Amino acid sequence: MKTNAQVTIIKRYVENRQDVYTEYGTYPCHWEETRGINTNRTGRSRDDIDKITCYIPNHLLKAVEVEDLIIRNDDLKEIKQLATAKEFRKLYGARTVTVCDVFDFGSKKMQHTRIGAK
């Protein structure tokens, strides 16, 4: 699998009923972005339809869960410690993880993690 981007994963923890975000790591990945078009009159936000699929080869990220954040970080810039997911979205264009599948079968070259986000 060829990589075309770098991705930083921000892990969400709950401490004292508050969400706390910490950087989990930065990995090379294959990034696919799908832009949706809202053709019905439901009033759904266009950002709600857009989806990201990210394939991270050779790394089995079993700790990534739904509601963690994912940031495309091609410049490998340092990510600041922020308090809310809204701040990460505004400053870095972070997306919320909706699914994370670990494919840990087959040879080492086939093993990868697939992350879906909105």
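**Reading a strand barrel, feature by feature**

Student: The backbone oxygen of which residue lies 3.4 Å from a polar atom of the Gln-111 side chain?

Tutor: That's Gly-106. A polar contact is a pair of N or O atoms within 3.5 Å; within protein, one must be able to donate a hydrogen and the other to accept it, and residues adjacent in sequence count only if both atoms are side-chain atoms. Before we go on: this is a predicted model, where local features need pLDDT of at least 70 and side-chain atom pairs count only at pLDDT 80 or more, while totals for chains, interfaces and linings use all residues. Residues are numbered from 1 along each chain as its sequence is written, and side-chain values use heavy atoms, with hydrogens and water left out.

Student: Where is Gln-111 found, and is Gln-111 buried or exposed?

Tutor: Start with the terms: helices (H or I, at least four residues) and strands (E, at least two) are DSSP runs, numbered from the N terminus. Gln-111 is in the loop between strand 5 (95-103) and strand 6 (112-117). Buried means under 20% relative accessible area, exposed over 50%, and partly exposed in between (1.4 Å probe, protein chains only). Gln-111 has 11% relative accessibility, so it counts as buried. Leaving out residues up to four places away in sequence, Gln-111 touches residues including Pro-57, Asn-58 and Leu-60; contact here means heavy atoms within 4.5 Å.

Student: In what order do the strands close into a barrel?

Tutor: Strands of a sheet pair through backbone hydrogen bonds, either parallel or antiparallel. The rule used here is that two strands pair if DSSP finds at least two bridges between them. In this model 6 strands close up in the order 1-2-3-6-5-4, with antiparallel pairing. From one strand to the next, the twist averages 45 degrees; axes are lines fitted to C-alpha atoms, for helices over the stretch in contact, and angles run from 0 to 180 degrees between N-to-C directions. Helix 2 (residues 85-92) packs on the sheet, touching strands 1, 2, 4 and 5, and its direction makes about 10 degrees with that of strand 4.

Student: How many bridges join strand 1 to strand 2?

Tutor: There are 11, between residues 5-15 and residues 18-34. Glu-15 stands opposite Gln-18 there, and in the hairpin, with 2 residues between the strands, Asn-16 takes a positive phi near 50 degrees. Strand 1 is also joined to strand 4 (residues 69-72) by 4 bridges, with Ile-10 opposite Leu-69.

Student: What about Tyr-27: buried or exposed?

Tutor: Tyr-27, in strand 2, has a relative accessible area of 13%, so it is buried. Beyond its neighbours within four places in sequence, Tyr-27 contacts residues that include Val-7, Ile-56 and His-59. Tyr-27 and Thr-8 are 19 residues apart in sequence, yet 6.5 Å apart in space, C-alpha to C-alpha.

Student: How many aromatic pairs does the count come to?

Tutor: Rings of Phe, Tyr and Trp (its six-membered ring) pair if their centres lie within 6.5 Å; planes under 30 degrees apart are stacked, over 60 edge-to-face, and the rest tilted. That gives 3 pairs. Phe-88 and Tyr-92 have ring centres 6.4 Å apart and planes at 35 degrees, so they are tilted. Both lie in helix 2, 4 residues apart, about one turn. Phe-103 and Phe-105 are edge-to-face, 5.9 Å centre to centre with 80 degrees between the planes.
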